[in-house]
Amino acid sequence: MAAALLGWVQRVYSEFKPPVATKNNGALRMGILGAANIAPMALITPAKSHPDVVVAAVAARDFKRATAFAKKHGIPVVHKTYDDLINDPAIDSIYNPLPNGLHYEWTLKALRAGKHVLLEKPSVSNAEEARSLFLHPILQGPNAPVLLEAFHYRFHPLWSTVLNLFAKEDVEEVTAISSLFAGMFPKDDIRFVYKLSGGTLMDFGTYDVSTLRSIFGEEPVSVKSVAYRPAPLDPQCDEAIVAEYEFSGGRAGKIDADLQAKGGYPLAALTKNLPSFRNMLPKVEIKLKPKVEKVDGGLEKTTRKEIIVWNFMAPHLYHRVDIITKTQLKNPQDGKVVKENKGVEYIKEYKWPEEQARKKGEEWWTTYRYMLEEFVNRVKNREGSGIWVEPEDSIRQMEMIDATYKKAGLPLRPTNHTLEVSK
Ligand SMILES: NC(=O)C1=CN([C@@H]2O[C@H](COP(=O)(O)OP(=O)(O)OC[C@H]3O[C@@H](n4cnc5c(N)ncnc54)[C@H](OP(=O)(O)O)[C@@H]3O)[C@@H](O)[C@H]2O)C=CC1
Ligand SMILES: O=C1OC[C@@H](O)[C@H](O)[C@H]1O
């Protein structure tokens, strides 16, 4: 127990204070659009341990704020405007963590300036923008810049391990749940502003949608139902959302996302507004189709398997996979159950397993660090882990989000006025 705790402390310490790599000649020189809250975790810290990444510049709407941010994080150059950053010839790649509603415009500007772009999720505001951006001629051809939607969780070895636990066609039902206690984000946070393409479905919900698509390996046939709780200051934004989808063969997918979770305690009338810490570990539950087989003695054996992935979103901090197998032996003549059994196996995967040792990684690499590795590999034409978020994937992701908003009776998130013709 003590050893496990020490191991956890050491790993998490290195995630926040990674060893600093000596930078190679030709390292990517990345610039950050905005002094964004997520930038230290998603780029600045991971870049420290990457020999081929230098965070070289930042720009913010307020120069003073940008300067303070640069000083705090050791970023040498501060630009007065986002345009200045994008047009800086000493920068070759841009990290775009602006509010969702600004993703399309500034990513396209950066691509036009010849920069590679690591773009925060959700990639853009809606499917129309996604088609316009990801099918843009600027991304075609041998020397096209690299564009990646930063679905970081997919790059961590845990996700590949999870996907290897079953055949996609054996999946019967998937439920993805993600929740944050009320008060973590203020009511006027960018996540709850419609004109900035806010909404919980665009935030935590986008992970849930992405996990369903990844596990089923296909798009839903339909959105069966949606219920949402409107954000108090901007009711066109969902503060919480629950949706049910039908996948091929009548299989079910469910998402349940809440960015202001409250209540669930005894004495509901008194406690209903207290922040709720239920479901603090985002999780995905995967039920496989039951397997029925004849066994010795003319009995029928039914095996049911359920896989629960705890903390799929930030597995580097902590995660656990529970593989629950239930078997039942039945006499088919009279339907009597002869024997039942339940077994649970636990899995964790902080690093690529031995047999995949050619893939790079360390136990303390965060999802963001694994993702940065692949971003650099793609820019530098190196063989990587093989994990990538393809343009088609980013488009389909926004289509499922749009379909969910439509079913909810909410407007699609607004299309940028600079939109170029969609294909
Ligand atoms: N991958 C992950 O784990 C996470 C991803 N994200 C994603 O990153 C993006 C940013 O999230 P987060 O860092 O939490 O956001 P912030 O609230 O920190 O906003 C990011 C930047 O957006 C600009 N900005 C803020 N408000 C406005 C506004 N009202 N109008 C125009 N620009 C504004 C600011 O730029 P400036 O500094 O120039 O003023 C700010 O620095 C989102 O797309 C979000 O989905 C967020 C959290 C985690
Ligand atoms: O991507 C994200 O992950 C962490 C959350 O806190 C945040 O809301 C979201 O944008």
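A: In this predicted model, six strands make an open sheet, ordered S3-S2-S1-S4-S5-S6. Their pairing is parallel. Strands are DSSP runs (E, at least two residues) and helices are too (H or I, at least four), numbered from the N terminus. Two strands pair if DSSP finds at least two bridges between them. In general, strands of a sheet pair through backbone hydrogen bonds, either parallel or antiparallel.

Now the edges. Strand S3 (77-79) and strand S6 (147-149) stand there. Each has a single partner strand, so one side of each lacks a neighbour in the sheet. From one strand to the next, the twist averages 25°.

Next, one pair up close. Strand S5 (residues 116-119) and S6 run parallel, joined by three bridges. Leucine 118 has leucine 148 in S6 as its bridge partner.

A helix packs on this sheet: H3 (residues 63-73). Helix H3 touches strand S2 (53-59) and S3, where contact means heavy atoms within 4.5 Å. The direction of H3 makes about 160° with that of S3. Axes are lines fitted to C-alpha atoms, for helices over the stretch in contact, and angles run from 0 to 180 degrees between N-to-C directions.

Some reading notes. Residues are numbered from 1 along each chain as its sequence is written, while chains are lettered from A and ligands numbered from 1 in the order written. Local features need pLDDT of at least 70, side-chain atom pairs count only at pLDDT 80 or more, and totals for chains, interfaces and linings use all residues, while side-chain values use heavy atoms, leaving out hydrogens and water.
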